[in-house]
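Here are my notes on the model you asked me to look over. Have it open while you read.

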Amino acid sequence: MKKENLNFLEKIIEKDLKSGFPKNKLLFRFPPEPNGYLHIGHAKSIFFNFKLAEKYKTSVILRFDDTNPIEEKKKFIEYIKNDILWLGFKWKKETYASNYFNKLYFFAKILIKKGKAYVDDQTQEQIQEQKKNPFEKGMESPSRKRSIKENLFLFEKMKNGDFNDGECVLRAKIDMKSPNMNLRDPIMYRIIKKKNHFKTKKNWCIYPTYDWTHGQSDYIEQISHSFCSFEFENHKPLYKWFLKNIKKKNSLIPKQYEFSRLNLNYNILSKRKLQILVKQKIVNGWDDPRMPTLAGLRRRGYTPKSINNFIKKIGLSKRENNIDISLLEFSIRKHLKKISYRVMVVINPILLIIENYPDDKVEWLNSENFPNQLKKNYRKIPFSKKIYIENEDFLEKKKTNFFRFSLGEEIRLKNAYILKANNISRNLDGSIKQIYCTYDKKSLSKTGFTRKKKIKCTLHWVSKIHAIKIKINIYDNLFLEKKSEQLKNYLDKINKNSLKTTIAYAEPSIRKATIYNKFQFQRIGYFCLDKLSKKKKLIFNKTVSLT
């Protein structure tokens, strides 16, 4: 039997199971904050949490970390759920951190009664100043000496709304000299009265911080293994400290494990920074196809399978690394090659007039929709006297290594006939206006026609009188720097040419396009219909090039 290759999280779970941990107690969670859309970095966490649950026949809880009423909105809940379902995963139960506000408040009072939490009425600036830095010992707050009775009284007043925003906070009493800044009396609760919570409304005016909420919510839900990215590694001692001080005897204590976050070249995967791009209208919303959000990638034409395959390919590690965007593009290209309709579209047209073709004749020729599939599927494309080809496919005088169309030379039109260029006419500025050709009547594709002289080039084309005018969005990287995530001045590195639009001419079958279809515009790239398209105004987004 082939030995199974385990990732390091699977090895941890296997070790725990061998040490006696009950398999039926395994439980995982995915805890997004509803303050924006999910991005491809979240897809990594989603993929491995749900795949682990699938492997060990357990479940994943979808828990929304809704502890900040200022930034969080109900609409983001639905976007997040839709993205997870789109990736192909289903959660066992949907929960909210706000479901546990009463229990978290109760736990906080336990810490106060143990003398391990206190109310501090200093300003945020004073607290930050006293924390110093990892190379200096912090200073203890004067509020640290308050009695348990006074702290319970003040914490109750905080809860009842007797203080204004910023007047005081509840802090854990740990160690102001610790080299780990997260242990220097971290804030557990702050007052936020200026905005109501989308779920709890006006019921609360004190809100728990992430560090206080996260571990305790894991504990309440009895999560066995809490997986997060390495940015939370320094928070682990605090995670453990909180759990140690609120746990009940013989209860299951969750364990936190970290894996490397996804860093994607020429992209930013910080939700806070992506939020800035949206708010400053640098992009056209969270689902702008230049954004690394799952909604943006979906609108650009990426498929769930391509994203999951990409995540599987890069795998899990403990070491931070930067993944090149080309690996993601390879993944979608590989999938689109199998599932895309082949259609012909001309972006920069030049007109061919076939002089020996009847003026009023139209032939409807067969063209394969999916050439790579064994079962052939065809559509009809119109052929007429006037044809558009790409301007760059014609050169008046043939040059070395140019194997397309030139005067006196022959080419084949895909699924159609062999043409010979005989003459040209020009515009007033000297540019070529149109090309006059003749066609070989016997050379129709797939009719068994053969000739001794081999035709080296096949061009895509569109019948002028049948052409559908469409708009095309062509995207480039949003950032000019490879490691844009690490830059403080990342907004200065925006690529101002990340979006270009152009008009193109497509074969008439394009009218039937839906947002679920994927297309290969032959010899150009892979495209999909944009959601803003209308019946008489089709818009297509370029997903990726052919190579």
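The points below go through a sheet, some helix contacts, the cysteines and a few single residues.

1. Ground rules. This is a predicted model, so to speak of a local feature I needed pLDDT of at least 70, and side-chain atom pairs count only at pLDDT 80 or more, while totals for chains, interfaces and linings use all residues. Residues are numbered from 1 along each chain as its sequence is written, and side-chain values use heavy atoms, with hydrogens and water left out.

2. A three-stranded sheet. Helices (H or I, at least four residues) and strands (E, at least two) are DSSP runs, numbered from the N terminus. Three strands form an open sheet in the order E1-E2-E3, paired in parallel; two strands pair if DSSP finds at least two bridges between them. E1 (28–30) and E3 (93–96) are the edge strands, each with a single partner, so one side of each has no neighbour in the sheet. From one strand to the next the twist averages 35°. Between E1 and E2 (residues 60–64) there are three bridges in the parallel sense, and Arg29 has Ile61 of E2 as its bridge partner.

3. What packs on that sheet? Helix H3 (residues 74–87) lies across E1, E2 and E3 and runs at about 155° to E2. Helix H7 (residues 210–221) packs on the sheet too, touching E1, E2 and E3, with its direction at about 140° to that of E2. Axes here are lines fitted to C-alpha atoms, for helices over the stretch in contact, and angles run from 0 to 180 degrees between N-to-C directions. Contact means heavy atoms within 4.5 Å.

4. H2 against H11. The axes of H2 (residues 40–55) and H11 (residues 304–314) come within 10 Å and cross at roughly 75°. The two helices are therefore roughly perpendicular to each other; on this scale, angles under 35 degrees count as roughly parallel, over 145 as roughly antiparallel, 65 to 115 as roughly perpendicular and the rest as oblique. On the H2 side the contact has Ile40, Ala43, Lys44, Phe47 and Phe48, which meet Ile307, Asn308, Phe310, Ile311 and Lys312 of H11. By class, that contact of H2 with H11 has seven nonpolar, one polar and two charged residues. For the classes, Ala, Val, Leu, Ile, Met, Phe, Trp, Tyr, Cys and Pro count as nonpolar, Asp, Glu, Lys and Arg as charged, and the others, Gly among them, as polar.

5. H4 against H8. H4 (residues 101–113) and H8 (residues 236–246) have axes that come within 10 Å and cross at roughly 85°. That makes H4 roughly perpendicular to H8. Phe107, Ile110 and Leu111 of H4 make the contact with Trp241, Phe242, Asn245 and Ile246 of H8. The contact of H4 with H8 counts six nonpolar, one polar and no charged residues.

6. How many disulfides are there? Searching the whole structure gives zero, where a disulfide is a pair of cysteine sulfur atoms within 2.5 Å. For Cys205, the closest cysteine sulfur is in Cys168 at 9.8 Å, too far for a bond. For Cys437, it is in Cys457 at 13 Å, again too far for a bond. Cys205 counts as buried at 11% relative accessibility, and Cys437 is buried at 0%. Buried means under 20% relative accessible area, exposed over 50%, partly exposed in between (1.4 Å probe, protein chains only).

7. Arg144 and Asp185. Arg144 is in the loop between H5 (124–131) and H6 (148–160), and is buried with a relative accessible area of 14%. Leaving out residues up to four places away in sequence, Arg144 touches Tyr118, Lys173, Ile174, Asp175, Met176 and Asp185. Asp185 sits in the loop between E5 (169–172) and E6 (187–191) and is buried at 0% relative accessibility. Have a look at its backbone: phi of Asp185 is near 45°, a positive value in a residue other than glycine.

8. Gln222. Phi of Gln222 is near 60°, again positive in a residue other than glycine. Gln222 is in the loop between H7 and E8 (225–229), and is partly exposed, with a relative accessible area of 29%.
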